[in-house]
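Morning, everyone. I have one protein to walk you through today. Please have a look at it first.

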Amino acid sequence: MAVQRGQRTYADGMKIEREFLARAGVDPKSFTLVGARGLPGDKATPTAQISLLRYLARQDDFDVFYDSMPSMGIDGSLADVIERTNPAAGHIRAKTGTLVSAYKGKLALGTKALARYIDAKDGHRYVFAICANNIPVSSNSVSDAIDLALRANKQLGAMAAEIHKSPKA
């Protein structure tokens, strides 16, 4: 983004990123950008994510963005999150976020998130963001951390499938 404006530094790019988010209606107090890659230090509340996703849904090229996302229960990184026979399969377009880190001196699932769009049974498209943070791993094993992340992914997917079924419950 900085280069498109004739600028070259990381700081210039981060300033442009923050300006874009403000124009999109994202409260500047609801996110912290260090590297803007989702790594430690970058934080965004579910409300910030929802604000950005709503903004994106109003853009002329939204269909390209929407079609680029995995379809839960059908393809991509969400193919195995719910069963293909689940009524929500094919009606949830989302992206996961996973970060394994240390929490209170132990290995933890620092963040496990799922967010984007649900085409619900009631015919409406909903924006959603589900996040879980600082879930302790049962041991300091990376293998156990991966297993925990996969289980958490399925649990978040099950929550999204429930929203599909009855979003106003």
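**Helix α4 and its neighbours**

Let me start with the packing: the buried residues of α4 are in contact with β3 (92–103), β4 (106–119) and β5 (125–136). Contact means heavy atoms within 4.5 Å. Buried means under 20% relative accessible area, exposed means over 50%, and partly exposed is in between, with a 1.4 Å probe and protein chains only. Helices (H or I, at least four residues) and strands (E, at least two) are DSSP runs, numbered from the N terminus.

Two words on the source. This is a predicted model: local features need pLDDT of at least 70, side-chain atom pairs count only at pLDDT 80 or more, and totals for chains, interfaces and linings use all residues. Residues are numbered from 1 along each chain as its sequence is written, and side-chain values use heavy atoms, with hydrogens and water left out.

Back to α4. This helix covers residues 142–165, which is 24 residues. From first C-alpha to last, α4 reaches 35 Å, close to the 34 Å expected at 1.5 Å a residue. The expected span is 1.5 Å times one less than the number of residues. Which residues of α4 are buried? They are A145, L148, A149, A152, N153, L156, G157, A160, A161 and H164. Keep one rule in mind: an α-helix has 3.6 residues a turn, so residues three or four places apart point the same way.

Next, helix α2, residues 46–57. Its twelve residues should span 16 Å, and its end C-alpha atoms are 16 Å apart, so the two agree. A48, I50, L53 and Y55 are buried in α2. The buried residues of α2 pack against α1 (10–23), β2 (43–44), α3 (62–67), β4 and β5.

Now zoom out. The protein has four helices and five strands. Along the sequence, the pattern reads α-β-β-α-α-β-β-β-α. The radius of gyration is 17 Å, close to the 15 Å from the globule rule for 169 residues, so the protein is as compact as a globular protein of that length. That radius is taken over C-alpha atoms, and the rule is 2.2 Å times the number of residues to the power 0.38. Of the 169 residues, 34% are buried.

Last, two backbone angles. Most residues other than glycine have a negative phi. K104 has a positive phi, near 55 degrees. K104 sits in the loop between β3 and β4. Is K104 buried or exposed? Its relative accessibility is 73%, so K104 counts as exposed. N134 also has a positive phi, near 55 degrees, but N134 is found in strand β5. At 31% relative accessibility, N134 counts as partly exposed.
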